[in-house]
Amino acid sequence: MPHSSFRRDWITKPIFRMAQHALPRLSDTEREAIEAGDVWWDADLFTGNPDWTKLLAFAPAKLSAEEQQFLAGPVEELCRMIDDWKINWDLHDLPPEVWDFLKSRKFFAMIIPKAYGGLGFSAYAHSEVIRKLSTRSICVACTAMVPNSLGPGELLMQFGTKAQQDYWLPRLARGEEIPCFGLTSPEAGSDAASMIDSGVVCRGTYQGSEVLGIRLNWHKRYITLGPIATVLGLAFKLHDPDHLIGNKDDIGITLALVPTQLPGISIGRRHLPALHVFQNGPNWGHDVFIPMDNVIGGVDQVGKGWKMLMSALAAGRGISLPSLSAAGAAFCAHVTGAYARIREQFHVPIAKFEAIQERLGRIAATAYLLDAARRMTCAALDDGHHPAVVTAIMKEQATERLRIAVNDAMDVHGGKGIIEGPLNYLGSLYRGVPIAITVEGANIVTRSLIQFGQGAIRCHPYLLKEMQALEDEDRARGLDAFDAAFWGHVGHSLANTLRAWGRAWTGGLMAPAPEAGAATPFYRQLSRHAAAFALAVDLALLSLGGALKRKEMISARFGDILSELYLSSAALKRWNDEGRQADDFPLLAYCLEASFATISLRFDELIANFPVRPVAWLLRFIIQPLGPRSRGPSDRVTDACAAIIVTPSAVRDRLTVDLYHPAETEGEEANGIALVERAFAMTAAVQPIRDRMQTVRARDIDQALKQRTITAEEATQLKAAADAVAAAIAVDDFAPEELTSRGASNKGDVSSPATSQASRQSTSEQPPPHQVPPFPAAAAE
Ligand SMILES: Cc1cc2nc3c(=O)[nH]c(=O)nc-3n(C[C@H](O)[C@H](O)[C@H](O)COP(=O)(O)OP(=O)(O)OC[C@H]3O[C@@H](n4cnc5c(N)ncnc54)[C@H](O)[C@@H]3O)c2cc1C
């Protein structure tokens, strides 16, 4: 018997009734998305009073000895085997030996437990592998990513029956089966749940016996590994018109494993995603019959496909693309710092120009931030969390920041970044960014609907409890639960109003912070912004209610603030975990100052655009009485960050740790990255000699030698460094007829590329012949 009280019966009850009518009901797909995964540090941020000691005490991610050996052994070996230029422009596929290596060394089985023959790696190890591969070849990284992300392997482990796990997982682990996952169809992209791909429960013949099963019809597109997959994880809507498995006609989204050699399947055609040639393409099924046993999880799991997908995505989204993005940003820092140091214009290295330093500083800080967030998120995943909101933040923020870092890198490289050829080490990454932006939840949707939309419900200390109470069919129990949650919520809002006001009006000076040396003020500012965020969330929920869902621009700004709070927490944790090294401090300062500026700006925009004006005025008065005050990183901090990546040092090494460093020649080709690395090292080594020459204003090496400012040995060193620079700044060129003939011969035929040798000239040397890029069919027309 529920207890009765004055508060519950006379105050809460009318609010309960009003809220039941006011709040829109969640659709099934929304509810399943919200229920997927769990919450972690994101929930602390929503309290308005994050417990920093808890964050700092959280154990950082670590690799086991076995995982380290895998990185030093098979991963290095694989990187050495890869010729990205050849893969993309000549073979249009990974060479057979790379495919074999990926399968035999279990790159496709990083997440499959050892008991099934997989590698059973931690999230951090998985991330480190993808990170290193990404700095060698986007194509190979994407290929290795997919079987370890959302797909048959993950779904079988989470939801498969014992029999399915025993059959499929060892086959996947041994590389005998190549999996892919088909969700997207032409009519259903971001709104994947609207798919029209269908399955009908019926009886049919499978391997000679008549069994209960499903007749499938589908058209999927953009499916990675699809063209070569042997098993397709398929999402479709299941119908049971004859009620063979229950009493419902429309059962809902269901996931099944479909062997791709079954009759009725067309698979093998390929897309060319941004001219990257990892296997990706459409597939179709016409009246394909599969037994009921092929439904992932068996007949008990029919109709639960969306929930299964959301749950699998909750973890996977936090690993693959954030790892690729962190790798990409570190790679940009590594090569762009080096290039800016060796490239001279107006008789000085371009790294000396302030406008270039502005870009270099941003690249360096982005590399620091993304790797900090990647490590922290992996640590959470390895600790058993599946924080769906955190992984949505990671996916969107990491790929967006990669886009900025690559653009900066391209701008600093000028023509050197644009001219394609084996010497170009940026073009492939640049072309790959939109892919990362689009897959696993296109960024606009992720930013404007998911981060805050899901976050507000999932991470808020009371909102989900209130919503569940409102939907409780036992009204008395619902009222009791609502009473507890609602008054807890009121207390939470009042506390945050006082916190937000006090912290804003004192400039955050009194806000809580752990003793963290020079970083202590950053914690105080974050505590201040977290309180303002929590208050703004409550006011928005109270005044807009369900309408907030449609206010995507408002929601996106909340998403940005939440993301900044998360990423900044990660940067602070990294600095702490790495022993608070003073040399790294400019990077931390840049990240935090940039974050405060974004947060202040987003609050300002929120207030200026908030539809309920009195609420906006109240918010302005409490959290931002003087408008946005943060200006972002100072020129001094930016300059210090830029300096880190233009000089060899331990800080630079920490920032760009564990990237793949190619040999100077890989196969027949001179390697662009290695040439820049060599020129950078030699330029830095001869700097003292050049400084000496400058003091006596020596015009060139010969004059300095004559004046005896330098020795003969030093003259040789200077000449060698100049040659190394000339080789590093060289770009590729091709004979026109070879490009034309190649384009024509390849028209519309990506599976059998013509191969012709081209001659190439560079400004510094005559490198060996190489394969010429084919133009895509459309360009050749
Ligand atoms: C290279 C590549 C590999 C892929 N691999 C796979 C795979 O292996 N398996 C698979 O199933 N799928 C795969 N996909 C599909 C991918 O998940 C979809 O492309 C993605 O979900 C977006 O769908 P769409 O391209 O149809 O864009 P659309 O859904 O048409 O979206 C277009 C734009 O509108 C925005 N938008 C849509 N709805 C809203 C909204 N409500 N509010 C605000 N903005 C909105 C989107 O963010 C996007 O910017 C792949 C795609 C690519 C390009």
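Which residues in helix 23 meet which residues in helix 25? On the helix 23 side they are Pro586, Leu587, Ala589, Tyr590 and Glu593. Their partners in helix 25 are Val637, Thr638, Ala640, Cys641 and Ile644. By class, this contact has eight nonpolar residues, one polar and one charged. Keep in mind that this is a predicted model.

**How the helices pack**

Two packed helices are described by the angle between their axes and the distance between the axes.

| Helix pair | Residues | Axis distance | Angle |
|---|---|---|---|
| Helix 23 and helix 25 | 585-609 and 635-645 | within 9 Å | roughly 130° |
| Helix 13 and helix 14 | 320-342 and 354-382 | within 8 Å | roughly 150° |
| Helix 1 and helix 20 | 6-22 and 475-505 | 10 Å | about 100° |

Start with helix 23 and helix 25. Their axes cross at roughly 130°, so the two helices are oblique to each other. The crossing is left-handed.

Next come helix 13 and helix 14. Their axes cross at roughly 150°. Angles over 145 degrees count as roughly antiparallel, and helix 13 is therefore roughly antiparallel to helix 14. This crossing is left-handed. Helix 13 brings a run of residues to the contact, including Pro322, Ser323, Ala326, Ala329, Ala330, Cys332 and Gly337. They meet residues of helix 14, among them Ile356, Leu360, Ile363, Leu370, Asp371 and Arg374. The contact divides into 13 nonpolar, five polar and two charged residues.

Helix 1 supplies residues including Arg7, Arg8, Ile11, Lys13, Phe16 and Arg17. Helix 20 answers with residues including Arg475, Leu479, Asp480, Phe482, Asp483, Phe486 and Trp487. Sorted by class, the contact of helix 1 with helix 20 has eight nonpolar, three polar and seven charged residues.

**Around the ligand**

How many residues surround the ligand? There are 20, and the closest are Leu183, Thr184, Ser190, Tyr222 and Glu552.

Some polar atoms of the protein can be picked out here. Phe181 places a backbone N or O atom 2.8 Å from a nitrogen atom of the ligand. Leu183 has a polar backbone atom 2.8 Å from an oxygen atom of the ligand. Thr184 uses its side chain: a polar atom there lies 2.7 Å from a nitrogen atom of the ligand.

How values were computed. Residues numbered from 1 in each chain as written. Predicted model: local features only at pLDDT ≥ 70, side-chain atom pairs only at ≥ 80, totals over all residues. Heavy atoms only, no water. Axes fitted to C-alpha atoms, helices over the stretch in contact; angles between N-to-C directions. Helix = DSSP H or I, 4+ residues; strand = E, 2+ residues; numbered from the N terminus. Parallel < 35°, antiparallel > 145°, perpendicular 65-115°, else oblique. Left-handed = near helix turned anticlockwise from the far one by under 90°. Contact = heavy atoms within 4.5 Å. Nonpolar A, V, L, I, M, F, W, Y, C, P; charged D, E, K, R; others polar. Near = heavy atom within 4 Å. Polar contact = N/O pair within 3.5 Å; in protein donor to acceptor, adjacent residues only side chain to side chain.
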